[in-house]
Amino acid sequence: MLIYIHGFNSSPASSKAQWLKARLEALERGAEFAAPALPHGPAQAAALLDALVVRHPGAALVGSSLGGYYATYLAEKHGLKAVLLNPVVRPYELLALLVGRQKNLHTGEEYDFTTQHVAELRSLEVDQISPERYLLIVATGDEVLDYRAAVTRFQGCRQIVIDGSDHGLSDFANYGDAVIEFCGASDPETN
C-alpha cells in the first residue's frame with residue numbers, strides 16, 4: 001500500500017497523486033494506492049491517516065508539503081518508509097501567518113484556519129527521526145518553502161535536491177519512479 005498525503009489547501013486531485021496512481025496501475029504489480037481527502041483540522045487529519053495506516057500495516061507514505069509533515073509523524077509512530085516532497089518543517093510557524101479564512105485550491109471549499117489548528121500542528125512535531133526511513137525530494141526553486149530547512153532537518157536521509165523546479169514539483173514525473181522504488185511498490189515481492 002502506498003498512501004499519498006496531500007498538502008495544505010490541496011487534495012487527492014493533485015497532479016503528483018494522480019501521476020502516482022496511474023503509474024502504479026500501469027506497473028500492474030498489485031500495489032494498492034490511497035490518497036485520502038484530509039480534513040482541515042490537523043488533529044482530525046492525523047487521526048484519519050493513523051487509522052488508514054493501522055488498516056494497512058507496512059504501508060509506505062508519500063507526503064507533499066504539509067503532507068510531508070504528517071508523513072514524518074506517521075513514519076516515526078508506525079516505523080514506516082516515507083518520501084517527503086518539498087516538506088514543510090515547522091508548519092505551525094508558517095501557517096500561523098495564515099490564520100483566518102482559507103480556500104482549497106482544488107475543491108474551492110472555504111473554511112476557517114484557526115489558532116487551535118496551529119496548536120494541533122505543533123503537537124504532531126517529531127523530535128527525533130530515523131534517517132533510513134526517508135527519501136527527501138526538494139526543489140531549490142520552491143517559491144513557498146526554503147528547501148534548505150528540509151535538507152537540514154532530514155540530514156542523514158537519502159536526498160534528491162532538484163536544481164530549479166517549484167513547490168508543486170511540476171517535473172515530478174522525472175522522479176516518480178524513484179519514489180515508487182523507495183516505497184517498495186516497484187517490486188512484486190514487497191507487496
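Visitor: How much space lies in the second largest cavity?
Guide: About 60 Å³. Keep in mind that this is a predicted model.

Visitor: Which residues line the second largest cavity?
Guide: The lining consists of Gly-68, Tyr-69, Thr-72, Tyr-73, Val-88, Val-89, Leu-124, Glu-125, Val-126, Arg-153 and Phe-154.

Visitor: Which helix gives the most to that lining?
Guide: Helix 3, residues 66–78, with four residues.

Visitor: And how does the lining divide by class?
Guide: Seven of the residues are nonpolar, two are polar and two are charged.

Visitor: How many cavities of 30 Å³ or more does the structure hold?
Guide: Two. The largest cavity has about 110 Å³ of space.

Visitor: What lines the largest cavity?
Guide: His-6, Gly-7, Phe-8, Asn-9 and Ser-10 are in the lining, along with Leu-38, Pro-39, His-40, Leu-66, Tyr-70, Asn-104 and Tyr-111. By class, that lining has six nonpolar and six polar residues, and no charged ones.

Visitor: Now the open spaces. What volume does the largest pocket have?
Guide: About 400 Å³. It is lined by 22 residues, and the closest to its centre are Gly-7, Phe-8, Ser-65, Leu-105 and His-167.

Visitor: How many residues of each class are in the pocket lining?
Guide: Ten nonpolar, ten polar and two charged.

Visitor: Back to helix 3. At what angle do helix 2 and helix 3 pack?
Guide: Helix 2, residues 42–55, packs with helix 3 at an angle of about 45 degrees, and their axes are 11 Å apart. Helix 2 is therefore oblique to helix 3.

Visitor: Is the crossing left-handed or right-handed?
Guide: Helix 2 passes helix 3 in a right-handed crossing.

Visitor: Which residues make the contact?
Guide: From helix 2, Pro-42, Ala-45, Ala-46, Leu-49, Asp-50, Val-53 and Val-54; from helix 3, Tyr-70, Tyr-73, Leu-74, Lys-77 and His-78. The residues of this contact divide into nine nonpolar, one polar and two charged.

Visitor: What about helix 1 and helix 7, how far apart are their axes?
Guide: The axes are 11 Å apart, and helix 1 (residues 15–27) packs with helix 7 (residues 176–183) at an angle of about 65 degrees. The two helices are therefore roughly perpendicular to each other. Helix 1 passes helix 7 in a right-handed crossing.

Visitor: Which residues meet there?
Guide: Helix 1 brings Trp-19, Leu-20, Arg-23, Leu-24 and Leu-27, which meet Gly-176, Asp-177, Val-179 and Ile-180 in helix 7. By class, the contact of helix 1 with helix 7 has six nonpolar residues, one polar and two charged.

Visitor: Last topic, His-56. Where is it found?
Guide: His-56 is in the loop between helix 2 and strand 3 (60–64).

Visitor: What does His-56 touch, not counting residues up to four places away in sequence?
Guide: Met-1 and Glu-32.

Visitor: And what separation do the C-alpha atoms of His-56 and Arg-158 have?
Guide: They are separated by 24 Å, with the two residues 102 apart along the chain.

Key:
Residues are numbered from 1 along each chain as its sequence is written. This is a predicted model: local features need pLDDT of at least 70, side-chain atom pairs count only at pLDDT 80 or more; totals for chains, interfaces and linings use all residues. Side-chain values use heavy atoms; hydrogens and water are left out. Axes are lines fitted to C-alpha atoms, for helices over the stretch in contact, and angles run from 0 to 180 degrees between N-to-C directions. Angles under 35 degrees count as roughly parallel, over 145 as roughly antiparallel, 65 to 115 as roughly perpendicular and the rest as oblique. A crossing is left-handed if the near helix is turned anticlockwise from the far one by less than a right angle, and right-handed if clockwise. Contact means heavy atoms within 4.5 Å. Ala, Val, Leu, Ile, Met, Phe, Trp, Tyr, Cys and Pro count as nonpolar, Asp, Glu, Lys and Arg as charged, and the others, Gly among them, as polar. On a 1 Å grid over the protein atoms alone, a cavity is a set of points where a 1.4 Å probe fits but cannot get out, and a pocket is an open set with protein on both sides within 12 Å along at least five of seven lines; lining residues have an atom within 4 Å of a point. Grid points are joined across faces, edges and corners, and a volume is the space filled by probe spheres set on the points.
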